[in-house]
Amino acid sequence: MRALSSIFFLSWALTAPALAQSESPEASGKLQMTLRSRAYIPGHRIQLGDLFHIKGPDPKKVRKVQDLEYANAPSGNWARAVKRSDLTMWLAEHDLGSSQVEISGAEAVSILADTVRVEAETLVSSAEAVLRQLLAKEGASDTTWKLLGNPRGINVPRGRSSRKLIAKLKSPNLETGHASFSVEIIIDGKLNVIIPIQFELQRFADLLVATKLIRRGEAFTDDNVTVKRVRWTKIQGDPFEFPGQVIGSGRIAAKQLRPNQVVTNLHVQLRPIISKGDQIQVVAIVGRVRIATRGIAQSDARKGERVPILLSGKKTPVYAEAYATGIAVIRTPSNRIDLSKIR
């Protein structure tokens, strides 16, 4: 019995120095990196903290190694597997060899994307919010819209710090009958994907319309125009909103208008003060000398317009400015016409 005790004591004495020389990872300052069997990546890039559970005596160093980027993250439902031996080689190439880290855990890690679902309703709602703002800015509150196409939801990375949706109008300005948006999904401050969203717009307004056929040259009256809520897509010219803008103002139809057609500035003109074939007075004043003659107007003219006039005994018309009913004046740079001298 005493002999056995001596042998045990001798064995312990021989191994004790070796145990004293072997230090724990914490005591040596090494990082302990335990490889996970499965890792879900929330961002665009794979970080070592996604793959390993990392411990060490220096929290700053631990955090720095956790944030090291290994590769691009898988997208969608794709997955990839990486062996521990490959990761060990990669760490050694980045100054994290066996003297710096101690690696344990799984023999390989399966890497998948950590995603969330952005539903189609969310994408459409983000575009509609911007559309409402643009319509309000234009003062076009009486507008309805219809979604075009069939947008689908999408899986995107969950994000490490942020996930945003930003809808932007594609064209510089909102179109009359169409609105096209790009919905950008921003993950951790970086663009992840762009989803197109389109709407058909139906705009309504209370505008002046023809109630019956209005022929060119016909005057506007309460019997042939009225205000009506109409849907309009693309109207050429500036539409009128009140009957008083065209009735009793000396304006007539510049072109034919169909029933229910919107009346715009392109359909309206002032009544001519000189008509083709009228015999009119042509006046010019040079200094204190007043020169007047008569001639035949060769076209219609409104106030301020130039009208060709054929003077008596002449073959070539002269041009004068329609000044008043039956009166045209010839202006030169050296004179100004005084109406009191003409009448």
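This is a predicted model: local features need pLDDT of at least 70, side-chain atom pairs count only at pLDDT 80 or more; totals for chains, interfaces and linings use all residues.
Figure 1. R302 is placed in the loop between β19 and β20, the latter strand covering residues 306–311. Leaving aside residues up to four places away in sequence, R302 touches Q269, L270, R271, P272, I273 and A322. The side chain of R302 also meets that of E305 in a salt bridge, with 3.3 Å from N to O, and E305 is partly exposed, with a relative accessible area of 31%.

**Figure 2. The protein chain as a whole, for orientation.** The protein chain has seven helices and 22 strands, and of its 343 residues 35% count as buried. Its accessible surface comes to about 21,200 Å², of which 51% belongs to carbon and sulfur atoms. Among the contacts with a separation of 6 or more, 58% are accounted for by residues 24 or more positions apart.

**Figure 3. The largest nonpolar core and the place of L48 in it.** This core holds 23 residues, and those that touch the most other members are M33, L48, L51, F52 and Y70. Two or more residues are given to this core by each of several elements, including the strands β1 (31–35), β2 (38–41) and β4 (52–55) and the helices α3 (48–51) and α5 (84–93). L48 touches M33, I54, V65, Q66, L68, Y70, W90 and L91, where residues up to four places away in sequence are not counted. Apart from this core lies another one, of 22 residues, among them V116, L123, V156 and I195.

**Figure 4. The aromatic pairs.** A search of the whole structure finds two aromatic pairs. In one of them, Y70 and W90 are arranged edge-to-face, with 5.3 Å from centre to centre and 75 degrees between the planes. Y70 lies in strand β5 and W90 in helix α5, so this pair ties together parts that are 20 residues apart in sequence, and both Y70 and W90 are buried. F181 and F199 also form an edge-to-face pair, with 6.0 Å from centre to centre and 75 degrees between the planes. This pair links F181 in strand β13 (residues 178–187) with F199 in strand β14 (residues 190–210), the two residues being 18 residues apart, and F181 is buried, as is F199.

**Figure 5. Salt bridges between separate elements.** The count for the structure comes to 12 salt bridges. In one of these, the side chains of R160 and D50 meet at 2.5 Å, N to O. R160 lies in the loop between β11 (154–157) and β12 (163–169), while D50 lies in helix α3, so the pair ties together parts that are 110 residues apart in sequence. R160 counts as partly exposed at 33% relative accessibility, whereas D50 is buried, with a relative accessible area of 12%. Another salt bridge is formed by R231 and E200, whose closest N and O atoms are 3.5 Å apart. Since R231 is in strand β15 (residues 225–232) and E200 is in strand β14, this pair ties together parts that are 31 residues apart in sequence. R231 is partly exposed, with a relative accessible area of 42%, and E200 is partly exposed as well, with a value of 24%.

Figure 6. G56 is found in the loop between β4 and α4 and is partly exposed, with a relative accessible area of 33%. Not counting residues up to four places away in sequence, G56 touches K30, L31 and V62; the C-alpha atoms of G56 and V101, which are 45 residues apart along the chain, are separated by 9.2 Å. D95, although it is not a glycine, has a positive phi of about 60 degrees. D95 lies in the loop between α5 and β7 (101–105) and counts as exposed at 66% relative accessibility. N260, another residue other than glycine, has a positive phi near 70 degrees; N260 is found in the loop between β16 (251–253) and β17 (268–270) and counts as partly exposed at 49% relative accessibility.

Figure 7. V286, V289 and I291 make a nonpolar surface patch of about 260 Å². Of these residues, I291 lies in strand β19 (residues 289–297) and counts as partly exposed at 47% relative accessibility.

Methods
Residues are numbered from 1 along each chain as its sequence is written. Side-chain values use heavy atoms; hydrogens and water are left out. Patches are made of residues with over 30% relative accessible area and no salt bridge: like charges are joined within 9 Å, nonpolar side chains (Val, Leu, Ile, Met, Phe, Trp, Tyr) within 5 Å. Accessible areas come from the Shrake-Rupley method with a 1.4 Å probe; for residues, only the protein chains shown count as cover. A salt bridge is a side-chain nitrogen of Lys or Arg within 4 Å of a carboxyl oxygen of Asp or Glu. Helices (H or I, at least four residues) and strands (E, at least two) are DSSP runs, numbered from the N terminus. Buried means under 20% relative accessible area, exposed over 50%, partly exposed in between (1.4 Å probe, protein chains only). A nonpolar core is a set of buried Ala, Val, Leu, Ile, Met, Phe, Trp, Tyr and Cys residues joined through side-chain atoms within 4.5 Å. Contact means heavy atoms within 4.5 Å. Rings of Phe, Tyr and Trp (its six-membered ring) pair if their centres lie within 6.5 Å; planes under 30 degrees apart count as stacked, over 60 as edge-to-face and the rest as tilted.
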